Amino acid sequence: MSTEPASETQWREPDPPGSGVIPCVEAPAIPRETQLELLQLGLLQRLTEDRAMLLYRQGRIPGSYYTGRGQEAVGAAAGLCLGPDDVVAPLNRELSCHFARGVTVADVFRNFLARATGPTRGRDGNMHFGMPARGVFPLVSMLGVLCPVSVGAALAFKRRGEPRVALTFWGDGAMCTGDVHEGMNLAGVLDVPAVFVIQNNQYAYSTPTGREMVNTNIAERIEGGWSIPCQRVDGTDAIAAYAAIGEAVRRARDGDGPHAVEAFSLRMHGHAAHDDASYVPSELLDHFANRRDPIKRLRKRLELDGVPQSELDELHARVSDEVAEGLAEAERAPPADPDTIQDGVYAMPPSHA
Amino acid sequence: MSEITYLEAIRAALEDAMHEDERVFMLGEDIGHFGGPFGATKGLAETFGTDRIIDTPISEEGFVGAALGAAWMGERPIVELQFADFISCAFDPIVSVGAKTHWRSGIRFPVVIRAPFGGGIRGGPFHASCPEGWFVGVAGLKVVAPGTVEDAYGLLRSSIDDDDPVIYFEHKGLYRRLKGSRPTPATRTPIGKARVVQAGSDATIVTYGAGVDLARTATAATNGNGSSVEVVDLRTLWPFDEEAVLSSIDKTSRVLVLQEAARSTGAAGVVMSLISQHAFELLDAPAKLHAPVDTPVPFAPELEDAYLPSVDSLTAALDDLLSY
């Protein structure tokens, strides 16, 4: 198994020979605790989503359900690169970023299960939630639209001279929308501390990137088209992603204007739970599962760096318990309350009401 | 006290709000030293600097979205659209983000979107529209449309004070036509409150924007002929003052809804719906809608004059209503 499967006009770091898991890059400059934290956040996303997928199949999660399997490293890296005063707008594939901001497993399940005390109080489902107190903006399904919103948050920081950044994500799919063009262009001319992380997971729903755009080198387009520095990074390598996003965040914070990172990966599940992703070549999926699973890659790196198996197993067990406890807590929460349906439509209800 | 125009009242409101609150700033196309296509922001860049009167690229979706983001962080941005017609370009941030986010998350968006609307300037299909109907009925949005100089000032100040996204439809035809005394900086027009601008007992005209002046002018003649028509200025189109509409109909038993937007859009739909549900037993005649036909706004003077409500067309419609 040394031949790489063909994907449509796609880039990734060349695979080293062999067939096993490719470890993350070595990064002695990144503290061991940070690397373990990246693993913990990635695992939290993986195990929470695995559990949620089972609940969905049992009919206990209403609506649809989205995972970010195969992309956990990017949200975790971005989340850890941000400071407590920064703000972020995560999308469907970035549950680990929520966790990095201090959102709890119980918060997440209360939203999935549509409970009264969840972050949206049952007003919205799955990944469509934010935690304003933690600087997390709730996802809006019209992907791309949060690019200009983040630029506006960054504009506020610049106006006030605050050393804060606003980060948002989008994918290869939203890369084709007008919103991200307008947002990136505005970010450039206003010269604001915005950071854009583009999750190139090779598919917009069922459409491969090669059929979404002529030039699939997103980083090249962002640099050449919008004059925003953009590093292209292996999105299945948590350490490489952490280094690249960290650099982008530092530069934006230092007044160097907007920065971007293109993180390349593969969406390992369908667009949502109903979608079996049969349009993704199985050899491509197998290849990423066997060699480029971001959780396995980071674990392998930590093993090579001498972290004992037992410590990593313990971390896994701890995360597993945290997910079980978070779910149990969420299941005790009351269901959404129809009597509150009109609460909060307005921050200031009009004077005649 | 010297008189100012409707347009000057808008500029005065912007200026006063910016003097009072550092968080207020503006985004829009050509609003800086150029002063905007109608001169609404003339002089503001000189007074407040180009960091507060920010010229943007042509990207309504981008800068309306950015206004929301800045508001999320506690600023109080005002966006100027060159013409209300271009609000279609910003539909997504307004409707998908602006309207739904507080209800979902508690995040507040104190954003004002100024949208110059209306015809009579030979603007044609893309520079004379009345697109307020796209937003009337959208939970989470507030929609206002001043019909007087005082409300041009007072509604704008209230919109800037408000913690929800407000779309402020200012009528281009009134910019230089209406004059009044300069409102004091304390002037506010409450959002959600209509006003009886002219009392009467035989029929009610419910209207807004340029319809207010038109209704007054048309009824000056009618009211001289022995009938007495009340004019209710909605001022806030959404969520609107149902109570004011119903209590006027209770008094007059006849109602005509007047708007410049084409008859199947605008604010008329929600007003007629209220009337059909709650005023049926108060009425002596079917509620009447006086509004243009369902077409885009035409360009040729002959076509636009035929399209827009006029003193003659309104007088004829009122005669019909009163003689039913």
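Residues are taken as buried when their relative accessible area is under 20%, and by this criterion helix H4 of chain A, which spans residues 105–112 in this predicted model, is mostly covered, with 8 of its 8 residues buried. The buried set comprises A:Val105, A:Ala106, A:Asp107, A:Val108, A:Phe109, A:Arg110, A:Asn111 and A:Phe112. The cover over these residues includes three helices of chain A, namely H1 (32–57), H3 (95–100) and H11 (309–331). After H4(A) comes A:Ala114, for which phi is positive, near 60°.

Helix H2 of chain A, formed by residues 72–81, is likewise mostly covered, 10 of its 10 residues being buried.

In chain B, the axes of helix H1 (residues 6–20) and helix H6 (residues 149–161) come within 8 Å and cross at roughly 30°. Because angles under 35 degrees count as roughly parallel, H1(B) and H6(B) are therefore roughly parallel to each other, and the crossing in which H1(B) passes H6(B) is right-handed. On the H1(B) side, the contact is made by B:Tyr6, B:Ala9, B:Ile10, B:Ala12, B:Ala13, B:Leu14, B:Asp16, B:Ala17 and B:Glu20, while H6(B) contributes B:Val149, B:Ala152, B:Tyr153, B:Leu156, B:Arg157 and B:Ile160. Classified by residue type, this contact of H1(B) with H6(B) has 12 nonpolar and 3 charged residues, with no polar ones.

Terms used: Residues are numbered from 1 along each chain as its sequence is written. Chains are lettered from A and ligands numbered from 1 in the order in which they are written. This is a predicted model: local features need pLDDT of at least 70, side-chain atom pairs count only at pLDDT 80 or more; totals for chains, interfaces and linings use all residues. Side-chain values use heavy atoms; hydrogens and water are left out. Buried means under 20% relative accessible area, exposed over 50%, partly exposed in between (1.4 Å probe, protein chains only). Helices (H or I, at least four residues) and strands (E, at least two) are DSSP runs, numbered from the N terminus. Contact means heavy atoms within 4.5 Å. Axes are lines fitted to C-alpha atoms, for helices over the stretch in contact, and angles run from 0 to 180 degrees between N-to-C directions. Angles under 35 degrees count as roughly parallel, over 145 as roughly antiparallel, 65 to 115 as roughly perpendicular and the rest as oblique. A crossing is left-handed if the near helix is turned anticlockwise from the far one by less than a right angle, and right-handed if clockwise. Ala, Val, Leu, Ile, Met, Phe, Trp, Tyr, Cys and Pro count as nonpolar, Asp, Glu, Lys and Arg as charged, and the others, Gly among them, as polar.
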